[in-house]
Amino acid sequence: MQNANQGTSGNLDGEGLAIGIVQARFNADITDQLAQACLAELETLGVAAKHITHITVPGALEIPVALKAMADSDDYDALIALGCIVRGETYHFELVANESGAGVSRVSLDHQLPIANAILTVENQDQAVARANDKGRDAARVAVEMANLMDELS
């Protein structure tokens, strides 16, 4: 039996992988930045552009249903959720953050399909701007690593 991974990254070879991306259009200035960073990292990891499906939905609450449709197709090795929820003055922030996150997890578990959740939940626009590039890149890396891990486990 192998030792637990101690700080080293898993298999980040994206060659031959099919990745689906669902991006919310709400807060598009941030979600576009997330998507650009994610797509650039997928390319760096060897995922061919022709194997990436990138769709947009109105907002974070619509991300899970689009992910489910993609997962139902069995065409993808991993999926990526991109969104940005900025806290406002009402309870709506908590509702959207909690429900979108739960929906993403449910699709992933129901389909045994890795989904990199890069739906930012931030207090303000400055926090979103500060996190967008790193989270976009991280989402690509998580998707590729988990797709490869799931392949190894099956």
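Which helix does Ser108 lie in? A few notes on that and on the rest of the fold follow.

1. Ser108 lies in helix 3, where helices (H or I, at least four residues) and strands (E, at least two) are DSSP runs numbered from the N terminus. This is a predicted model, in which local features need pLDDT of at least 70, side-chain atom pairs count only at pLDDT 80 or more, and totals for chains, interfaces and linings use all residues. Residues are numbered from 1 along each chain as its sequence is written, and side-chain values use heavy atoms, with hydrogens and water left out.

2. Ser108 counts as buried because its relative accessibility is 18%; buried means under 20% relative accessible area, exposed over 50%, and partly exposed in between (1.4 Å probe, protein chains only). Not counting residues up to four places away in sequence, Ser108 touches Leu113, Pro114 and Ile115, with contact meaning heavy atoms within 4.5 Å.

3. Ser100 also deserves a look. Ser100 lies in helix 3, residues 92-111, and is counted as buried because its relative accessibility is 1%. The Ser100 side chain reaches the backbone oxygen of Val96 at 2.7 Å, and a polar atom of that side chain lies 3.3 Å from the backbone oxygen of Ala97. A polar contact here is a pair of N or O atoms within 3.5 Å; within protein, one must be able to donate a hydrogen and the other to accept it, and residues adjacent in sequence count only if both atoms are side-chain atoms. Leaving out residues up to four places away in sequence, Ser100 touches Ala60, Leu61, Pro64, Ile85 and Ile119.

4. Four strands form an open sheet in the order 2-1-3-4, with parallel pairing; two strands pair if DSSP finds at least two bridges between them. Strand 2 and strand 4 are the edge strands, each pairing on one side only. On average, neighbouring strands of this sheet are turned by 15° against each other, direction ignored. Axes are lines fitted to C-alpha atoms, for helices over the stretch in contact, and angles run from 0 to 180 degrees between N-to-C directions.

5. Strand 1 and strand 2 (residues 52-57) run parallel and are joined by six bridges. Ile19 stands opposite Ile52 in strand 2, and Gln23 has Thr56 of strand 2 as its bridge partner.

6. Helix 2 lies across strand 1, strand 2, strand 3 and strand 4, and runs at about 175° to strand 3. Helix 4 packs on the sheet, touching strand 1, strand 3 and strand 4, and its direction makes about 170° with that of strand 4.

7. Finally, two backbone angles to check. Asp74 has a positive phi near 60° and is found in the loop between helix 2 (63-72) and strand 3. Gln112, which is not a glycine, has a positive phi of about 45° and is found in the loop between helix 3 and strand 4. Most residues other than glycine have a negative phi. Asp74 is exposed, with a relative accessible area of 67%, and Gln112 counts as exposed at 64% relative accessibility.
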